[in-house]
Amino acid sequence: LGSLAFAAVRPHYGGTLRIAIKDAPQNLDPAILAEGNSGNIARLIFETLVQLDERGHPQPSLATSWQSEAGGQRWRITLRSGVIFSDGTALDATAAVASLRSANPGWKVMRNGDAVVIETDSPHPDLPAELALLHNSIVRRGGQLSGTGPFTIAQWLAGKHAIFAANDHYWAGRPYLDSVEIDFGKSDRDQAMLLDLGKTDAAEIAPESIHRARAEGRNVLSSEAHELIALVFDRDPQSEDELHARNALAFSIDAAALNNVVLQGGGEPAGALLPNWISGYGFAFAPDAKPEHVREERGQIKHSPSWTLGYDATDPIARVIAERILLNARDAGVTLQLTSAASDLRLVRLNLASSDPHVALNELAQSLRLPAPKFADGSVTELYAAEKSLLQTHRVVPLIHVRSAVALRPIVREWRTLPNGPWQLSNIWLGAEKP
Amino acid sequence: MSLHRRLLLLFALTVLVSVAAVTIIVSAMARRAFDRANDQRTAALVAQFRREFDRKGEGVDRRVEALTTSSEANRMLIAAARPAPDYSNFLDTARTIADAQQLDFLEFADDHGKIISSAQWPAKFGYLEPAAKPSAPATPFLKEEETPAGSALGLFAVRSTSAGEGKLYVIGGVRLDKAFLATFTAPAGMRVMLYENFGRPSGFAPERLLASGPAVQDAGQIAPLIRQVQQNSRESSAVIHWRSGDDEGITAFPLTGADDELLGILLVGSSRQIYVDLRGQIRSAAFVAGAAGLLLAVVLSSWAAARVTRPVEQLARAAQEVAAGNWDAGLAAGSGTDAGPPSKDEITALADSFHRMTRDLLDQRERLVQSERVAAWRELARRLAHELKNPLFPLQLTIENLLRAREHSQQQFDETFHESAATLLSEIANLKNIVSRFSEFSRMPQPHFQPVKLNELAADVAKLHQAQLAQAKIACDLQLAESIDPIAADPDLLHRAVSNLVLNAIEAMPQGGKLTLRSRQNANAGHIEVSDSGKGLTPEECANLFTPYYTNKVYGTGLGLAIVQSIVSDHGGKISVSSEPGCGATFIIELPANREKLQAAQGTHV
């Protein structure tokens with residue numbers, strides 16, 4: 001019995017992990033994929049020089065070490081030896097330089113012997129964390145994309161189906177799984193059915209369904225609340241009247257109700273762009289609706305505005321949230337009209353690109369087309385000031401940070417999800433089916 | 001306007017008025033019949049709407065009632081009964097149930113009226129639903145329902161259920177929209193429309209007008225009718241003239257909610273194309289009838305002209321001829337018309353009368369001419385007798401003296417003979433003179449036309465009689481127009497005529513006076529006037545002045561002015577006199593220019 005029990009928990013090789021996701025990517029180029037589950041799939045094929053651990057600290061990956069020079073404007077990165085791409089060529093500084101130059105046109109990336117040197121115009125204290133972003137994956141671009149990840153592409157049907165085979169030459173050792181099969185474009189309902197029928201081993205769980213999935217006894221792994229739902233205006237306020245109207249709208253939105261009812265507790269009301277778990281100061285931006293502030297701001301509106309609110313019509317939760325905001329806005333004296341076309345303000349869902357707060361804030365600012373924050377020393381004070389400055393543009397209203405989650409069949413072992421969502425599947429293995 | 005034209009106009013007007021009257025009457029009857037049929041069809045369609053409305057209401061009521069006992073309702077009741085109710089699990093409940101129950105609207109609300117779950121607006125949880133109250137209507141009612149896409153009109157039912165202290169309201173409904181309108185089977189040419197009266201109670205929004213078929217083009221044309229119902233909340237009708245050319249009669253019925261607020265307006269439209277086509281046909285027929293009538297009027301007027309106006313026109317022409325002196329024309333006109341055999345109608349009687357009148361006038365004229373001829377001969381005889389008697393009496397006395405002298409001595413006879421012979425010769429010469437003047441009058445020559453300048457002629461006459469005028473202490477005043485064109489006249493005859501007038505004037509002023517000769521000219525005639533300042537003439541003298549052998553002088557023959565008149569008449573002119581007793585007299589000779597004769601005379605003269 002003892003030996004049997006040990007065998008049940010001991011990793012073993014073999015088997016195919018089947019995953020169903022909603023995304024339907026047409027290719028897996030990390031340069032164009034956004035963070036999310038498509039990106040998570042891409043991380044099976046491609047790797048970055050640096051990876052972040054669960055606390056958001058840079059850890060060696062394809063790079064073994066890095067040193068900053070010239071006050072953080074120059075970085076020297078030493079590459080790991082013995083790494084080969086899936087096309088059989090070895091990873092060297094030339095390949096790494098070519099990949100990084102392609103992903104970061106603003107950087108000066110040079111080869112220095114076996115090392116890679118990166119120079120920036122201003123101090124870049126968070127460059128190692130930035131190197132862990134998906135789009136900084138090291139990719140050899142020949143006829144096909146080649147990576148150094150634990151799996152290689154065995155079959156690819158764009159947007160439908162993919163089979164990844166274990167990379168026998170993986171520098172960290174062959175993964176336990178023989179292959180990973182991905183079904184793309186599966187709806188939440190389809191994924192649940194596939195999981196119940198045992199036709200997939202892992203399926204996404206929408207934030208609003210986490211509570212129910214757990215209540216139904218599913219094996220659910222969830223991340224920290226890392227996806228930001230926010231309202232974004234397409235321009236700066238043009239008048240004091242509009243400024244008061246934006247404030248009234250922001251104060252009127254009952255984010256707690258949205259989280260509790262619409263998202264079924266699948267997130268956290270957000271007053272800041274970065275969640276509290278990543279910044280440590282998120283609590284300072286109170287997210288609750290403030291009726292008294294609504295009245296105050298509404299009293300200063302001379303002409304009630306009428307705006308169009310855009311949302312992703314394919315996302316039912318986005319629709320419900322938008323409709324709730326429409327009601328809240330009416331209470332604030334602001335008339336909103338829903339549209340899925342171009343609009344005055346948009347309801348957006350953005351994944352945090354990194355668990356490093358500075359990198360995450362910078363990426364968010366870029367995604368929201370807000371002024372990029374500047375960091376000199378990477379301190380929390382600097383981060384707080386930068387985020388506050390972004391919020392004071394009145395261009396963005398944070399609403400909720402939501403979690404991501406997967407439901408796994410019991411045979412799936414060592415599935416790890418980082419706090420900001422990425423999957424770490426290199427050590428995953430499949431256990432035996434229960435009789 | 002001639003009688004013929006009047007008759008034509010009268011006939012045409014009669015026909016046109018008749019056709020127009022018939023057209024109007026027939027059109028009015030057709031319209032009345034169409035309106036009656038239209039009203040019946042509209043009433044039938046409205047009745048169908050009410051039946052469908054009631055049927056749908058009953059269906060909604062039944063389903064909502066059933067939902068109050070559903071397991072979901074019980075779950076909500078239990079959740080509502082908790083101290084801190086958590087409705088998060090019911091976000092999609094209402095939508096799921098509404099889909100299953102085929103309800104467009106479904107909301108569950110707690111005993112405070114707060115929405116627990118909403119199918120039409122899931123995000124509305126926590127907001128108050130006005131219909132969730134104990135006094136909600138027991139029967140289905142119309143209600144304006146808010147949705148994220150805007151307001152919608154629905155037929156609702158409200159039911160409640162309770163457990164313990166908890167109470168749950170179920171508010172369900174179906175939408176009154178194009179699909180609802182499409183359930184009506186409207187007869188051909190009819191349609192049903194629905195106006196959702198939201199937002200702007202007194203305005204009109206074209207997008208709120210729903211139709212069972214294609215969207216209503218130019219919906220703004222219905223706006224006045226909508227506003228009328230909005231103001232009065234009563235049934236109203238109007239005929240809409242669409243820009244496409246169609247006419248449509250639309251009857252609007254107000255649809256009110258539980259609190260009698262105007263929520264919708266049912267519009268039943270009926271195309272008036274059938275009536276318009278019929279009206280067009282009536283008008284076409286009227287035009288054809290009118291044209292035929294006009295043609296008939298022309299024919300009838302021609303016939304009437306033949307029967308009536310032509311004899312009248314002939315009579316009118318005959319009267320004009322008679323007035324011009326052609327008495328034979330009058331006799332011909334009165335002897336019957338060429339339009340057919342004489343009849344005994346009024347026109348024939350008029351022609352006969354005209355004929356008799358003309359014949360009588362002709363007889364009277366002949367009798368008058370004969371009388372005047374007899375009178376003239378008598379006057380001539382009297383004048384001759386008078387003229388001849390004066391020289392004959394001295395002749396008789398002279399011869400009697402000679403006879404008495406013959407009985408006395410030879411010497412006395414000789415003396416008497418010589419004296420008597422002289423007397424006899426003188427009187428015989430006098431007789432010859434009398435005879436020659438009568439002979440001269442009877443042999444007045446025809447004028448020989450030449451260009452004559454009236455001013456020169458007047459001046460010559462004045463110069464000729466200058467000595468006589470001076471002797472008679474008469475001043476002569478020539479008032480001649482500055483420029484007078486020559487006229488065609490016989491200068492000798494005209495000189496003689498003016499001289500006669502001057503001599504008459506001299507004789508009329510035995511105590512002296514003033515003689516005035518004037519000349520003037522107008523467009524077609526020249527004038528010469530001879531005025532004296534004598535004792536003037538009585539009206540009777542003026543009337544008889546130009547009668548031959550009439551004279552107011554002791555020794556006058558009465559032929560002087562007759563000769564003047566004869567000369568003027570031979571020139572185609574006329575002479576007149578104006579005088580008052582004591583104020584002198586003025587003789588006016590008017591002579592035509594005779595341009596054709598003048599041109600001929602000038603040609604000859606050249």
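Is B:Leu300 buried, partly exposed or exposed, and what is its relative accessibility? In this predicted model, B:Leu300 comes out as partly exposed, because its relative accessibility is 34% and that class runs between 20% and 50%. The residue sits in helix H6 of chain B, which spans residues 273-323. Together with B:Leu296 and B:Trp303, B:Leu300 makes a nonpolar surface patch of about 320 Å².

Now for a residue on chain A. A:Asn104 lies in the loop that links helix H3 (93-103) to strand S6 (108-112). A:Asn104 is buried, since its relative accessible area is 7%, under the 20% cut-off. Setting aside residues up to four places away in sequence, A:Asn104 touches A:His135 and A:Asn136.

Here are those two residues side by side:

| Residue | Relative accessible area | Class |
|---|---|---|
| B:Leu300 | 34% | partly exposed |
| A:Asn104 | 7% | buried |

On to the interior. In soluble globular proteins, nonpolar side chains tend to be buried together. The largest nonpolar core here has 43 residues, and the members touching the most others are B:Leu106, B:Phe108, B:Leu168 and B:Leu176. Helix H1 of chain B (residues 3-67) is the top contributor, giving 7 residues to this core. Domain 1 (68-176) and domain 2 (177-271) of chain B each supply at least three residues to this core.

Take B:Leu106 as a close-up: beyond its neighbours within four places in sequence, its contacts include B:Leu67, B:Ala94, B:Ile97, B:Val170 and B:Ile171. There's also a second, separate core of 42 residues, with B:Val461, B:Ala462, B:Ile474 and B:Cys542 among them.

Conventions
Residues numbered from 1 in each chain as written. Chains lettered and ligands numbered in written order. Predicted model: local features only at pLDDT ≥ 70, side-chain atom pairs only at ≥ 80, totals over all residues. Heavy atoms only, no water. Core = buried A, V, L, I, M, F, W, Y, C linked by side-chain atoms within 4.5 Å. Buried < 20%, exposed > 50% of the residue type's maximum accessible area, 1.4 Å probe, protein only. Helix = DSSP H or I, 4+ residues; strand = E, 2+ residues; numbered from the N terminus. Domains from an automatic or database assignment. Contact = heavy atoms within 4.5 Å. Patch = residues over 30% accessible without salt bridge, like charges linked within 9 Å, V, L, I, M, F, W, Y side chains within 5 Å. Areas by Shrake-Rupley, 256 points an atom, 1.4 Å probe, with all protein chains shown as cover. Salt bridge = Lys/Arg side-chain N within 4 Å of Asp/Glu carboxyl O.
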